[in-house]
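I am keeping these notes while I look through a structure for the first time. Each entry says what I looked up and what I found.

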There are 4 protein chains.
Amino acid sequence: MLLTDTLVDFFIATRKHSEELCQPLETEDYVVQPIVDVSPPKWHLGHTTWFFEEFILKPHAKDYTEFDEDFSFVFNSYYETVGKRVVRSDRGNLSRPSVKKVYEYRTYVTTAIIKMFQTEQQSDIYDLLEIGIHHEKQHQELLLTDIKFILGNNPLLPVYSDKLKEHPLEEHKSDWLTIEEGVYDIGHSTGSFCYDNELGRHKVYLQAYKISNKLVTNAEFLEFINSGGYERFDLWHAEGWDWVNQNQIKAPLYWHQVDNDWYFYSLAGLQEIQPNAPLTHISYYEAFAFAQWKGLRLPTEFEWEAAQGFFSWGARWEWTESAYLPYPNYQKADGALGEYNGKFMVSQKVLRGGSIATPENHTRPTYRNFFHPELRWQYTGLRLAK
Amino acid sequence: MLLTDTLVDFFIATRKHSEELCQPLETEDYVVQPIVDVSPPKWHLGHTTWFFEEFILKPHAKDYTEFDEDFSFVFNSYYETVGKRVVRSDRGNLSRPSVKKVYEYRTYVTTAIIKMFQTEQQSDIYDLLEIGIHHEKQHQELLLTDIKFILGNNPLLPVYSDKLKEHPLEEHKSDWLTIEEGVYDIGHSTGSFCYDNELGRHKVYLQAYKISNKLVTNAEFLEFINSGGYERFDLWHAEGWDWVNQNQIKAPLYWHQVDNDWYFYSLAGLQEIQPNAPLTHISYYEAFAFAQWKGLRLPTEFEWEAAQGFFSWGARWEWTESAYLPYPNYQKADGALGEYNGKFMVSQKVLRGGSIATPENHTRPTYRNFFHPELRWQYTGLRLAK
Amino acid sequence: MLLTDTLVDFFIATRKHSEELCQPLETEDYVVQPIVDVSPPKWHLGHTTWFFEEFILKPHAKDYTEFDEDFSFVFNSYYETVGKRVVRSDRGNLSRPSVKKVYEYRTYVTTAIIKMFQTEQQSDIYDLLEIGIHHEKQHQELLLTDIKFILGNNPLLPVYSDKLKEHPLEEHKSDWLTIEEGVYDIGHSTGSFCYDNELGRHKVYLQAYKISNKLVTNAEFLEFINSGGYERFDLWHAEGWDWVNQNQIKAPLYWHQVDNDWYFYSLAGLQEIQPNAPLTHISYYEAFAFAQWKGLRLPTEFEWEAAQGFFSWGARWEWTESAYLPYPNYQKADGALGEYNGKFMVSQKVLRGGSIATPENHTRPTYRNFFHPELRWQYTGLRLAK
Amino acid sequence: MLLTDTLVDFFIATRKHSEELCQPLETEDYVVQPIVDVSPPKWHLGHTTWFFEEFILKPHAKDYTEFDEDFSFVFNSYYETVGKRVVRSDRGNLSRPSVKKVYEYRTYVTTAIIKMFQTEQQSDIYDLLEIGIHHEKQHQELLLTDIKFILGNNPLLPVYSDKLKEHPLEEHKSDWLTIEEGVYDIGHSTGSFCYDNELGRHKVYLQAYKISNKLVTNAEFLEFINSGGYERFDLWHAEGWDWVNQNQIKAPLYWHQVDNDWYFYSLAGLQEIQPNAPLTHISYYEAFAFAQWKGLRLPTEFEWEAAQGFFSWGARWEWTESAYLPYPNYQKADGALGEYNGKFMVSQKVLRGGSIATPENHTRPTYRNFFHPELRWQYTGLRLAK
């Protein structure tokens with residue numbers, strides 16, 4: 001547990017970082033929702049603020065006056081416990097509250113939290129503040145990838161920033177790391193922050209396996225495309241094959257073929273494919289089909305965690321073969337915070353790692369990200385195992 | 001045909017009026033598209049501009065430089081003749097071009113048109129300019145009703161303006177006008193502007209009928225609601241009854257029941273229902289069911305046109321019983337302008353009249369508006385006949 | 001009005017004819033519903049029987065015992081007045097009652113009706129019996145076209161009968177009939193049977209027009225196909241063009257291209273296209289696009305009726321340009337029978353004529369058939385006008 | 001590996017059993033497909049036959065003449081390797097081939113297989129015959145549950161048989177079995193038949209756990225219903241909660257509330273709920289919500305397999321918490337048979353056990369059944385763990 005001053009500093013820095021991420025945007029970019037999975041940036045700014053207001057200020061702060069009672073309806077995401085809300089697919093239909101009003105809301109709540117924690121002993125709700133900060137950090141990752149989708153989906157392909165190092169190259173030599181058969185400890189063990197889904201450190205028996213020290217690169221995936229990988233049903237899951245055909249998938253998200261050359265949309269605009277950059281923006285189905293094509297497979301999340309000390313990671317979220325399930329002895333938190341993770345533990349795949357969209361200090365070897373297998377707008381890549 | 005100066009003045013005034021309609025908006029309001037029928041205001045501003053650029057400046061102006069070649073893709077509505085376009089349901093997914101850029105586009109094109117018509121003899125394309133102006137006027141009506149939907153669909157129910165006289169009362173005494181059996185001339189006959197669908201003045205035989213001198217009011221429709229009109233299948237068309245049930249329709253669009261009182265959203269915000277205001281924002285299905293309930297019927301468009309000299313109109317678009325079909329000897333224009341009206345002549349109903357959203361001088365006794373029977377976001381009302 | 005004996009004979013003959021139509025079927029053919037518009041043959045056999053039981057026997061016959069109280073739920077079509085029913089799209093999901101049981105139901109009801117009308121004076125319900133007979137005749141037409149769809153949709157393309165003269169040739173010389181401008185009487189006027197939608201004989205003013213003495217043939221439509229008619233958006237209504245593209249329409253229903261030759265499925269199995277047979281199984285959209293391509297148009301239902309004495313008809317149902325709307329002074333019948341026609345008077349097009357599926361004496365010059373514009377499984381063709 | 005004679009006897013008995021299962025059906029019952037997951041009985045009879053013809057007779061039998069070349073198109077299920085096929089949702093639209101023809105097809109193929117294996121040494125394809133037999137046994141289970149759905153979905157609720165012991169009571173005393181922490185061997189190890197997904201016997205580390213010796217009963221689930229379990233979002237996965245609301249789920253499949261009493265449809269017709277019968281026809285979502293409500297959980301498939309020697313099973317398929325994933329070193333078979341299991345290893349849950357629909361000798365402790373979490377038409381139940 002952090003001391004008050006440090007935690008308040010951490011809070012302030014986090015709040016500021018969300019706003020910095022939006023700095024390159026036009027007002028209009030804050031509003032739209034091109035697909036249901038992508039939320040408008042102003043919604044992220046408002047929702048992370050509402051979280052502090054709803055779970056800390058309203059129940060715990062003395063004499064706190066709610067900023068606007070309608071905002072709970074607008075900025076609640078899915079917490080059934082705290083009442084009705086705008087359905088997710090309608091977020092992009094709301095022009096109001098305006099961006100300016102959302103920033104006012106942020107300042108109002110940020111100020112109230114600082115005042116509350118600086119003027120009074122609040123040790124019993126430190127963990128609530130901490131989870132609120134981590135909640136906002138999670139949304140920062142979505143914020144950047146949602147912004148990328150909003151801009152990359154626009155026929156004008158606008159530039160977000162040409163300063164971001166979005167595609168760190170993967171230039172070290174490829175090698176197989178060998179991990180021996182045996183019992184491994186999995187799950188979070190230190191005193192530092194983690195989510196409930198990482199807890200319950202427990203033993204897992206792993207058969208001997210090998211795992212690559214390197215992420216799959218664009219150049220390797222181009223070979224898959226050129227060899228007809230998207231047309232060979234035998235490489236795909238049945239539902240992956242339906243997905244390819246129904247959506248006419250022929251390449252990763254953001255890839256564009258112009259004449260015979262491949263380009264991709266990056267936050268710096270349209271660029272030629274970089275062969276040595278790690279492949280990204282693929283679905284689990286594509287990751288699996290690629291591995292099949294290589295005669296290899298994806299690691300499980302346990303294999304990944306047991307081996308993670310031996311390779312560098314953090315450039316991409318890496319699809320694993322594991323389904324997102326509770327660890328033994330998983331305990332859901334009480335009340336609204338209990339809705340955080342447990343209710344999503346079906347029909348999703350685990351990703352491990354982190355990406356350039358992941359805020360500093362927001363990932364760790366035990367962190368479990370999860371998405372439905374068809375989703376591609378995160379920085380999703382893959383590492384092979386055998 | 002107007003003389004150049006008058007026509008250019010008319011052009012300037014029309015361009016200005018579109019922008020005045022948007023004056024009360026926040027930037028965010030220009031962007032969203034809550035349902036597929038409602039286009040973002042910035043799209044209307046861009047599309048009406050593109051029409052002048054595509055059909056006048058590009059083919060006819062000397063040395064004209066296109067503002068931005070991607071705009072044709074963004075702002076084309078449905079003209080298959082002039083290439084690919086953003087699909088209609090995606091208009092609200094585009095944050096760019098920004099509102100500021102769209103206004104620059106407007107100024108650029110407005111200036112080029114004025115220069116073109118003021119410096120050269122352009123008599124051969126006067127009619128193109130005239131149709132472009134009327135096209136923009138048509139969009140002004142959509143612009144205001146789309147703005148109303150964008151704001152009225154927002155849970156914050158923001159105010160657009162409290163100066164607009166949106167609900168002129170219908171306070172004269174109700175009476176039946178009797179029209180004699182006989183042959184009537186229908187269609188446009190004067191030299192002034194009209195659309196191709198009004199042309200081909202022709203004879204229609206009408207049986208004797210009576211038509212009300214008054215629009216149906218909110219008070220009358222409340223009686224229908226209170227008597228269970230929305231629950232009586234026998235009053236409805238089969239497809240109207242499906243529509244009521246699938247969409248859980250219980251009142252006109254924008255009506256809200258709070259405790260036991262009825263309110264409606266108006267451009268001035270939420271207000272109590274005004275009993276003497278003409279009913280509006282109903283579908284054809286509702287108009288028909290109401291007439292059935294009264295033991296009466298809607299007039300045909302011919303009955304309306306033959307009688308229109310005897311009652312005041314223009315407060316609402318009025319649903320008629322007529323399907324939208326070509327008049328005898330209807331001729332579609334050549335080229336892209338031929339896509340204007342003819343291709344919609346199936347599965348729609350004719351409305352006659354005009355509304356407070358209709359720009360000045362933009363309606364006339366022969367004007368034929370048309371919508372699918374389930375649509376309600378226009379100022380649609382009804383007048384009874386028997 | 002027919003005398004009792006004649007009417008009972010007419011009833012017996014009609015009941016028998018329905019069963020004869022099913023004689024070539026396998027038991028399995030009675031059960032399936034490949035698309036929602038096509039009902040299983042056993043449903044038609046049961047529904048027409050239920051009509052007599054529900055509207056005549058149950059309310060009017062002395063001591064009548066219902067055959068099976070669940071059948072009302074199974075065989076009601078859409079009469080909201082008489083209670084709940086199996087939804088239309090579920091008809092093909094019901095294996096029971098078995099075909100054998102449905103035939104028992106038919107015999108039971110047929111016998112009860114005969115007994116009722118032969119043993120007692122029933123003059124006050126003659127008209128109910130008459131409408132029941134005509135109702136069954138209407139279903140006979142659907143029965144045959146539904147059977148054709150069930151078999152023609154099967155990859156094995158089974159033969160129904162090789163004795164039916166399904167494609168009478170249209171071999172007379174093509175000519176234009178000229179009809180003079182003036183007022184014409186439209187609607188049913190004699191004392192013989194007709195539906196409520198034909199009543200209210202009234203005057204219609206027609207401009208001078210010409211109408212073909214001949215139906216459009218397969219050979220003419222092949223020219224349209226070969227000239228790229230299905231790829232030219234300018235020939236189609238906007239919603240017709242969407243229909244073509246969403247459904248990948250490239251030819252009339254039942255047409256198959258094998259190598260470079262065209263075949264069609266007929267009730268006698270797969271056959272080469274007959275050039276001189278009248279075109280059939282087209283949607284209204286296709287009829288309209290074909291007329292556009294010829295620079296001509298479809299007649300209205302009034303033009304058709306005014307001219308019908310001058311050409312032979314009855315080989316095909318002919319699409320008209322008219323929407324299905326009530327005639328002036330149209331009166332809906334009271335009670336459940338009032339649901340017969342009026343509630344469908346929106347979003348449909350009128351067809352005139354008749355077809356080889358139409359039972360003898362079941363069509364007449366004033367008969368108004370109606371379907372949604374995209375439907376093709378009836379014997380729908382077209383006649384041109386100008 | 002079985003000796004030829006035994007294997008042929010096994011083949012004959014299996015073929016005969018499929019036909020015995022259909023003995024109580026009317027011809028019409030063989031044809032319908034009320035939901036996409038349920039196939040028509042005649043399709044099962046044809047498809048299992050096609051499997052022998054396609055994979056054994058056509059490639060391996062001397063001088064074999066195909067029964068009907070169109071049947072491959074009709075009866076292929078999903079094997080992309082062997083060509084085009086009727087899409088799954090269209091199976092119920094095919095009235096032909098008739099039931100009689102399908103039985104002829106069965107006899108033809110059964111006879112050809114017997115002759116082939118009795119007259120020649122075929123040891124190299126024994127395993128193909130064995131997998132074909134097990135394939136048919138798998139379909140026997142579907143056949144019975146599909147028949148139940150076809151009849152149970154019919155408003156007449158017909159009886160299939162009153163001789164089947166469909167709901168064996170679970171009358172022993174409830175108790176918790178304690179399993180110690182440690183490494184367990186999981187997967188198939190004997191020489192007898194199993195599917196590829198059971199192979200690769202491997203070690204799994206299990207934390208200490210307790211597992212019930214008893215299936216959850218109807219009486220226990222009634223308590224869940226009565227306590228409002230279907231209305232408490234906090235008990236459900238997010239997607240389970242959506243499923244409950246979108247489908248208005250209020251009870252297990254086949255349960256009917258009449259006045260205040262609960263009944264269920266069984267193969268013997270509508271019956272009162274038996275309190276001591278094991279609960280069945282529930283989705284994974286319902287199994288999970290019930291366990292949440294009890295403060296307990298479902299076992300994983302590994303926990304189930306490690307403990308299965310200590311409790312009786314086979315009355316129901318039991319949902320587990322495990323996702324359906326490949327075991328370590330899972331190897332997909334080559335060719336079309338490789339499509340058997342591997343391509344379904346995403347988005348499904350594992351079930352263990354067996355049910356009254358499972359053919360004799362067709363389940364074993366290592367057998368892994370799998371279904372999507374929302375499916376309920378199998379005999380799916382649950383056993384609790386903690």
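**Entry 1. Ser347(D).** I started at Ser347(D), which sits in the loop of chain D between strand 8 (317-323) and strand 9 (349-353). For the terms, I note that helices (H or I, at least four residues) and strands (E, at least two) are DSSP runs, numbered from the N terminus. Ser347(D) is not a glycine, and its phi has a positive value, near 65 degrees.

**Entry 2. Ground rules.** I noted that this is a predicted model, in which local features need pLDDT of at least 70 and side-chain atom pairs count only at pLDDT 80 or more, while totals for chains, interfaces and linings use all residues. Residues are numbered from 1 along each chain as its sequence is written, chains are lettered from A and ligands numbered from 1 in the order in which they are written, and side-chain values use heavy atoms, with hydrogens and water left out.

**Entry 3. Asn361(B).** I looked up a positive phi in chain B as well. Asn361(B), a residue other than glycine, has phi near 65 degrees. I found Asn361(B) in the loop of chain B that runs between strand 9 (349-353) and strand 10 (369-371). Is Asn361(B) buried or exposed? Asn361(B) counts as exposed, because its relative accessibility is 63%. The cut-offs are under 20% relative accessible area for buried and over 50% for exposed, with partly exposed in between (1.4 Å probe, protein chains only).

**Entry 4. Cis peptide bonds.** In chain C, Arg96(C) and Pro97(C) are joined by a cis peptide bond with omega of about -5 degrees. Pro97(C) belongs to the loop between helix 3 (71-75) and helix 4 (99-119) of chain C. In chain D, the bond from Arg96(D) to Pro97(D) is cis too, and its omega is near -5 degrees. Pro97(D) lies in the loop between helix 3 (71-75) and helix 4 of chain D.

**Entry 5. Thr110(D).** I moved on to helix 4 of chain D, where Thr110(D) is found. Thr110(D) counts as buried because its relative accessibility is 13%. Which residues does Thr110(D) touch, leaving aside its neighbours within four places in sequence? Thr110(D) is in contact with Phe11(D) and Arg15(D); contact means heavy atoms within 4.5 Å.

**Entry 6. Gln121(D).** Gln121(D) is in the loop between helix 4 (99-119) and helix 5 (126-152) of chain D. With a relative accessible area of 62%, Gln121(D) is exposed.

**Entry 7. Pro59(D).** Pro59(D) is part of helix 2 (residues 41-60) of chain D. Its relative accessible area is 48%, so Pro59(D) is partly exposed. Apart from neighbours within four places in sequence, Pro59(D) contacts Glu53(D) and Glu54(D). From Pro59(D) to Phe233(D) I read 174 residues in sequence and 55 Å in space, C-alpha to C-alpha.

**Entry 8. Chain A as a whole.** I counted up chain A next. Its secondary structure comes to 9 helices and 12 strands. The C-alpha trace of chain A spans about 65 × 50 × 35 Å along its principal axes. Of the 386 residues of chain A, 60% count as buried. Among the contacts in chain A with a separation of 6 or more, 78% are between residues 24 or more positions apart.

**Entry 9. How the copies relate.** Two copies of a chain are related by a rotation about an axis and a shift along it. The same surface serves both, since 100% of the contact residues of chain C recur in chain B. For chain D on chain A, the turn is 180 degrees, the shift along the axis is 0.0 Å and the RMSD is 0.0 Å. Here too, 100% of the contact residues of chain D recur in chain A. Copies are superposed by least squares on the C-alpha atoms of residues with pLDDT of at least 70 in both.

**Entry 10. Pairs that do not touch.** How far apart are the closest C-alpha atoms of chain A and chain C? They lie 13 Å apart, and no contact joins the two chains. Chain B and chain D do not touch either, and their nearest C-alpha atoms are 13 Å apart.
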